[in-house]
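Subject: Structure handover, aromatic pairs

Hello,

Here is the structure for your files. My notes on its aromatic rings follow below.

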Amino acid sequence: MKSKHRSSKLAVFSVLLIVAVTLPAAPRGSQGAGQPQIDLHRTAVPDVNVNLTAAPLRAPTAIQQAALDQFKAAYGERATVRWDRFAGSPDVMMGFHTAPSSDTPEQAARAFIAANESLLSAFDPGPV
């Protein structure tokens, strides 16, 4: 009984294989008669740079500007801060150094952040 079932499966598979091999293969990209040909890989896409068209989301707040003045008074006028226009917080701070510390690097970093929280914060306490 198993051999009849197996041989019938083999016969059906063989017929399907012969039909698939003997049918003419359609060339890639060909479509039926009368249909417009569209090549999806050659469709024009507009060149839009969202970074050039985006307006600043958050400008530095008055509190941050005052904190920057205090920061420069404490660390020197050569201290430079570049603002992240999207977050409204400093992106790069350079041109200054902190005093030597016997704390661990983590404790020193936490103390620096705590001392300059108003400058580093992107929180705007005003109405949204």
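Phe112 has a relative accessibility of 18%, so it counts as buried, the cut-off being under 20%. Please keep in mind that this is a predicted model. The mean pLDDT of the protein is 77, with 72% of the residues at 70 or more. Helix α4 (residues 105–115) has the highest confidence, a mean of 92, and Phe112 lies in that helix. Confidence is lowest in helix α2 (residues 50–53), where the mean is 67. Where pLDDT is low, the coordinates should not be read in detail.

On the aromatic side, the count is six pairs. In one of them, the ring centres of Phe71 and Tyr75 are 4.6 Å apart and the planes stand at 40 degrees, so this pair is tilted. Both residues belong to helix α3 (residues 62–75) and are four residues apart, about one turn of the helix. Phe71 is buried, at 2% relative accessibility, whereas Tyr75 is partly exposed, at 26%.

The pair of Phe96 and Phe112 has its ring centres 5.8 Å apart and its planes at 10 degrees; that angle is under 30 degrees, so the pair is stacked. This pair links distant parts of the chain, 16 residues apart: Phe96 sits in the loop between β2 (89–94) and α4, and Phe112 in helix α4 itself. Phe96 is partly exposed, with a relative accessible area of 23%.

Taken together, ring pairs join Phe71, Tyr75, Phe96 and Phe112 into a cluster.

Regards

Definitions and conventions: Residues numbered from 1 in each chain as written. Predicted model: local features only at pLDDT ≥ 70, side-chain atom pairs only at ≥ 80, totals over all residues. Heavy atoms only, no water. pLDDT = per-residue confidence, 0-100. Helix = DSSP H or I, 4+ residues; strand = E, 2+ residues; numbered from the N terminus. Phe/Tyr/Trp six-rings, centres within 6.5 Å; stacked < 30°, edge-to-face > 60°. Buried < 20%, exposed > 50% of the residue type's maximum accessible area, 1.4 Å probe, protein only.
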